[in-house]
Amino acid sequence: MADPTSQSNYLSIATRHLSLEWTLDFLTRTVRGTAVYELDVKGDKVAEVILDTADLVIDNIHVNGRSVEFTLGAEHAVMGSALHIPIPCPAGKGTNVKLAIKYETTTGGTALQWLDKEQTQGGNFPFLFSQCQPIYARSLVPIQDTPSVKFTYNAHVTAVLPILMSAILVSPPSTGPPHGGRKIGQDEVTYVFQQSIPIPSYLLAIASGNLRYRPLPAPKGKDWTSGVWAEEELVDAAEWEFKEDTTKFLEAEEKITVPYRFGVYDLLVLPPSFPYGGMENACVTFVTPTLLTGDRTLVDVVLHEITHSWFGNGVTHANACHFWLNEGWTTYVERLLQEILHTPAHRGFSFLIGSKGLYDDLKLYESRPSYQRLQIAFENGENPDDAYSHVPYEKGANFLLHIERTLGGLDVFLPYVKNYVQTFMGQSITTQQWKDHLYAYYREHGTRDNVEALDSIDWHAWLHGEGLTLPVPVEYDVTLARESNLLADRWNKARTATNLQEIFKASDVQELDANQIVVFLERLQSYPALPKHHISFLGSTYSFATTPNAEIRFRFYEVALLDPQSVAAREYAVDAAAWVVGEEIPKGNGEEGRMGVVKGRMKFCRPIFRALYTVDAELALGTYRRHKLAFHPIARNLIEKDLGLTLTDVNANMAN
């Protein structure tokens, strides 16, 4: 089956290599230049190349050195416009075609967010970053925008600010003076990149700003390097946050899979409008600044993104219908590493933390039950972002955990994990290919009991089932949640108490780490909403109402807004709205008067806006409309759907 989100003819002719020559223009907010393609012909007598595009201006096109006339198809709301390029002499199977396109982006594209200098940490220079997953590379470059096509690429990109791409930086060297020693913000410098490992289009990435680099220590004997990039004002904090664990994570991953292939594993801390916790772009993972808590409590997000180097970037889903193969496998292996690096209790605790997001999203999609499935049968032109949720991550990871246990545990399943990676590394696969390989492996390397165990699994329920629960109950080790649950139970039993200061002290949470506090707050949400006085005391005594840890602050607001009709919800809705758009003024530590930052990470902003809407729709809509442009285009699209806004509604309000 062809990719339902692409209009390209990649089954007939596919990109093998891409060469980019770009100039970044921060004044016009455009990328302009030339893309040169080397394509392999897979069909017979192929007469045209069809590429995906969205919001691009095409100047001219050459095929095998000859100028050709091209046509842009009608614009599809999700898939954009198909670019039809004739091949003067129809190409036969096994031959090659070379294509050159001169073009530029527009400000209407989804992949790029251009930030004013005021939206950055330093406030001195503008910033650009891309987000091409799942289907937005087509607004950065004409492309066969499907994970079924993998290609190598090289790039020469010119700008007045330092540049990173999802490739190895050849020059100027990362360890040299910033911007090659030239004046940042004034002098143009051409950056050269090389990506020799084939990647899908959604991993094409670029960022540019006042960036600095700090190397991280790599274990001896490794042929890869690692480092951290961030704005100048943030790079020291970023280095401290990640230097302890990043390369340890990478080394641990290699031990259970295969050696890391990409040569460089860097982290780039982006401005706060970045819509995800992390994005596993090849060679350089983009991460949210909300990870910089100063205590390394949220670095496990990096473990997830590192795991994508094998599960996603290495073994890739063929199209959006099989996205769970990326995220379910990555989440499962990330948690397996929690057990290897720490204890089995840490693995179970991670599953427990993830379970609330899973059940919340299964409930969210009660009216769209097809999005409760692992393998979603997207219709042609359906937007895969509409189904973006915890489901592929958590339901997928629980499915693999269920398979592991059904087969007899890690001793039986872990050898298969390595074989799976070895077998499909560099390929794009479907769920059926994975399942066929799973059976084939245990028929060859296992026992009859193993195959019978696989037969006992309700495959249809797991892959195609809908509903608010998992197909079978999955038990976790909850040892690390015990103290969190006991504290939550104490608060629930004290809901009628008036002497809270005698019952609860700040020391209650001093021995709990950030994840245990998260579980405590999530446990509170399983009870009826607390009275306003209790919520206020909870927020002040434990400093939850002012903590800079976004994971904790977010859960505190979920507790406060639990009953939309309550006095507490109406009061804290104002605080939550200010927090999510960066209008809160932090208290203490000499921070008075300094504004916060927008919480562009969709894990936070989407649930907060949904909760606000149930409490005070006018507050939610007004807050969003005033701050719409602070959010990434992907986040804007989904928040507007969450709030029931149409494009006409938003644009009309923006004009007023």
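Which residue caps the N-terminal end of helix 18? Aspartate 616 does. One of its side-chain oxygens sits 3.2 Å from the backbone nitrogen of glutamate 618. Bear in mind that this is a predicted model.

Let me stay with helix 18 for a moment. The helix covers residues 617-627. Its buried residues are Ala620, Leu621, Thr623, Tyr624, Arg625 and His627. Here is the general rule. An α-helix has 3.6 residues a turn, so residues three or four places apart point the same way. Keep that in mind when you read the list of buried positions.

Next, some individual pairings. Start with strand 4, residues 56-63, and strand 8, residues 96-105. They run antiparallel, joined by 7 bridges. Asparagine 60 has lysine 102 in strand 8 as its bridge partner.

Move along to strand 11, residues 150-159, and strand 14, residues 189-200. This pair is antiparallel too, with 9 bridges. Alanine 159 is partnered by valine 189 of strand 14.

How many bridges join strand 13 to strand 14? There are 3, and the two strands run antiparallel. Leucine 169 finds its bridge partner in phenylalanine 193 of strand 14.

Key: Residues numbered from 1 in each chain as written. Predicted model: local features only at pLDDT ≥ 70, side-chain atom pairs only at ≥ 80, totals over all residues. Heavy atoms only, no water. Buried < 20%, exposed > 50% of the residue type's maximum accessible area, 1.4 Å probe, protein only. Helix = DSSP H or I, 4+ residues; strand = E, 2+ residues; numbered from the N terminus. Polar contact = N/O pair within 3.5 Å; in protein donor to acceptor, adjacent residues only side chain to side chain. Pairing = 2+ DSSP bridges.
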